[in-house]
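The following note sets out some points on the structure, as requested for review.

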Amino acid sequence: MRTETSREQIRTVVSIQGQLLGILGALAMAVAPVAVVAGEWNALSALLITAAIGLGAGLTARRRLLARRDLTWSEGMVVLGLAYPVMSVLAAVPFAMSGHAGSWGDAFLEAMSGLTTTGLSVLHDIDHLPHAVAAWRQSIQIIGAITILIAGLTVFTPRSQKASNLYGAGVRLERSVPGFVTTFRHMVKVGVAWTIAGGVALSLALAVAGVPLLRIPFHAMALFTSAFSTGGFSVSSASVASYHSWSIELVLIVLMLAGAIAFPLHILLWRGEVRRAVRHVDTRSLAVVFSTALVVVLVGLGRSGAFTDALPLLRRGLFQVVSAQTTTGLTVVEPRVLASDWGLIAPAGLVLAMAIGGMRRSTAGGVKAERFGLIFRGIFREMRRVLLPDHALVVETYQHKGRPRILTDAHIRAVGTMLLLFMTTHLVGALVILYGADSFDLTEAMFESVSATSNVGMSIGILGPMSSGILKTVVVLQMWLGRLEFMAVFALAGFLWSIRRLPARSTA
Amino acid sequence: MSASTPIRPATIARVIVSFLLAAGLVFAIWGVRQNAPTSGQDFTIPEAADVAELETTVERCGRTLPDQPALPDTDGVRDFGRVSSTAVVECPDLFDQQSVVYVGEVVGDILRRDGGAWVLVNDDDYALEVGPAGSSAELRGANSGLSVWLPGDMADELGRPGGPGWRGDVIQLSGIIHRVDELDGGGLTLRASTMHVVAPAAAADTPVNRAQLALALGLVAIVATMFSVERRVAARR
């Protein structure tokens with residue numbers, strides 16, 4: 001593949017990174033009043049540093065580098081590939097300066113975890129984290145979620161499955177997604193509606209749970225951002241278990257599911273086209289995988305001997321499966337209890353749910369239910385081919401955007417490649433985790449590896465502030481690769497390679 | 001991608017300089033943090049508090065598999081003495097329905113309802129030794145604790161729970177561990193029967209980091225100047 005990179009392309013890519021930093025800077029300014037109200041002056045200065053660097057970078061990008069042309073699809077992939085590490089460096093500043101991060105690398109991991117909506121944490125002493133830093137930690141999940149939603153509607157269009165054309169396509173974004181502006185407006189509408197409904201429901205549930213009135217807005221904001229962005233950070237080390245409330249868990253289940261539903265489906269539901277939404281291959285696949293995982297977890301919990309009554313078993317099992325499937329990572333169980341008291345089958349069910357994840361074009365991670373569904377349809381097609389006479393024409397279709405679509409070999413190949421990439425990352429990650437934390441076994445390492453790659457953040461207690469550097473490094477890579485579904489990282493690698501290959505001569 | 005203008009050495013140089021600047025800023029920020037002043041407060045529990053000694057320490061129990069209970073003899077209530085949250089979490093089956101003593105800091109919010117209160121009680125090093133992470137230079141890993149049910153008006157004895165800038169009340173509890181507590185909808189809890197405060201809540205002084213403040217003000221001034229210049233240039237156009 002011949003790839004060439006021009007000065008304008010570098011300007012474009014760098015310019016957008018600068019503007020993304022500008023957005024983070026603006027967010028830091030928005031969070032700064034929390035530090036003022038709480039009287040947290042060190043957190044305030046950390047947020048001001050973040051804001052100044054971000055806004056300075058954004059201004060420079062706009063003034064000096066702004067490209068007066070459209071972004072091509074391949075440039076979009078490169079921008080996305082770079083966006084997460086670049087934004088993480090800036091988002092790490094409040095963590096690094098909070099006194100709760102053991103190193104700059106830990107602060108970077110925390111930021112990457114928030115921006116990729118993973119929710120794994122390596123900060124020390126979360127329970128004493130300043131309010132402003134906690135608010136920052138929750139807020140960056142929203143930025144990460146919006147980034148991936150926009151990516152889902154632009155560079156992650158079906159066209160992007162043509163990995164071989166990454167640098168040859170030159171497809172302009174506005175052409176590949178003609179309805180983008182309209183879709184974005186709908187996204188904002190749907191997002192605002194969920195924010196109001198979720199905020200009110202959570203506030204009521206928190207009041208019923210006995211949370212002091214003045215503390216309700218803070219908890220409601222924290223829980224909403226975590227659940228709807230499928231991020232999973234919590235302001236308490238005990239996560240949702242610290243509330244001991246079924247009503248909070250119920251509201252969170254709804255919000256997590258809403259976060260894991262593709263935004264185009266939200267729009268269908270908004271318009272009242274429930275039937276079309278239900279018939280979509282994404283919906284059906286998600287329902288099948290979720291039901292399977294739930295049955296596995298409930299059977300596993302029943303066999304573990306921990307639960308003697310059905311109701312607690314159902315309540316804990318359901319919440320954990322929804323959290324795993326939507327790749328949120330909020331938990332009502334102490335992480336080590338998953339290993340020490342849930343047996344082997346229930347955690348395996350959670351691994352299944354985490355690995356498959358939610359829908360495409362949502363904030364959820366994982367392989368995605370749609371791809372899993374297509375693989376199974378492909379298997380059925382092959383089985384029919386074997387069983388039917390040689391001259392029979394076997395055509396498999398699936399519902400997409402309300403219309404039947406023929407399942408082609410190209411579909412299967414693309415989906416299979418993605419599945420293979422995820423599985424390889426799970427396995428390699430687990431092996432490295434075992435190397436970095438040898439007191440744990442393979443099943444526990446696999447749980448942590450899948451959780452990181454699928455951007456879930458549910459932990460079985462391996463990753464923590466005192467984990468080894470190699471373990472933390474591999475988790476950062478897994479979160480990055482998983483969030484971008486590999487392709488954007490490959491595109492970035494190709495971009496960097498093409499810079500290296502070009503002769504350094506002046507022809508301006 | 002098709003090339004319109006090949007890359008120039010000057011562009012590469014600019015990118016390298018930008019990276020070096022960013023790296024320099026990162027080192028400066030981390031350096032400022034490393035030299036942050038600490039309060040030097042002593043958060044160890046005073047000996048006069050008469051805290052029970054830790055009696056039961058368990059590193060790992062291994063998984064509880066069907067027909068293989070972690071502890072064969074769990075009939076009746078055993079008194080384990082003082083336990084750590086790590087031991088209970090690692091071996092819920094071992095401690096289920098057993099009597100324990102537990103010492104830790106109340107953190108988060110006190111959730112008063114149903115004729116009692118739920119609290120989270122941490123027994124990590126931040127609770128019992130070094131105080132909140134932000135105010136001391138010592139980092140001792142993640143938090144660890146247990147969910148505790150305080151019946152009746154027991155929670156009224158509590159002062160301020162731990163949180164940002166505060167080490168909450170350190171309490172000593174005795175009670176029964178519930179591996180799957182119905183009251184909590186299936187969580188691992190300690191239902192307390194007695195409680196006394198061994199160390200009252202204390203503010204954790206967090207001195208203002210002057211170097212960090214100076215860096216912040218300097219950067220804000222630079223960016224404000226940039227914005228001001230930008231506005232003037234735009235106005236001239």
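**An enclosed strand and a chain interface**

1. In this predicted model, strand 4 (residues 116–122) of chain B is largely enclosed by the rest of the structure, because seven of its seven residues are buried. The burial applies to both faces: Gly116(B), Trp118(B), Leu120(B) and Asn122(B) lie on one side, and Ala117(B), Val119(B) and Val121(B) on the other. In a regular strand, side chains alternate between the two faces of the sheet.

2. Strand 4 of chain B runs antiparallel to strand 3 (residues 99–113) of chain B, and six bridges join the two. Ala117(B) is the bridge partner of Arg112(B). Two residues lie between these strands in the hairpin, where Asp114(B) takes a positive phi near 50°.

3. Strand 4 of chain B also pairs with strand 5 (residues 145–151) of chain B, in the antiparallel sense and over seven bridges. Here Gly116(B) stands opposite Pro151(B).

4. Between the chains, 93 residues of chain A are in contact with 75 residues of chain B. The two chains bury about 7,000 Å² between them, with 60% of it on carbon and sulfur atoms. On the chain A side, the most area is lost by Arg7(A), His128(A) and His244(A), together 11% of what that side buries.

5. Four salt bridges are found across the interface of chain A and chain B. Glu90(B) forms a salt bridge with Arg336(A), with the closest N and O atoms 2.7 Å apart. Helix 2 (residues 41–65) of chain A supplies the largest share of the side of chain A that touches chain B, 13 residues. By class, that side has 42 nonpolar, 32 polar and 19 charged residues.

How values were computed
Residues numbered from 1 in each chain as written. Chains lettered and ligands numbered in written order. Predicted model: local features only at pLDDT ≥ 70, side-chain atom pairs only at ≥ 80, totals over all residues. Heavy atoms only, no water. Contact = heavy atoms within 4.5 Å. Buried area = accessible area lost by both parts, 1.4 Å probe. Salt bridge = Lys/Arg side-chain N within 4 Å of Asp/Glu carboxyl O. Helix = DSSP H or I, 4+ residues; strand = E, 2+ residues; numbered from the N terminus. Nonpolar A, V, L, I, M, F, W, Y, C, P; charged D, E, K, R; others polar. Buried < 20%, exposed > 50% of the residue type's maximum accessible area, 1.4 Å probe, protein only. Pairing = 2+ DSSP bridges.
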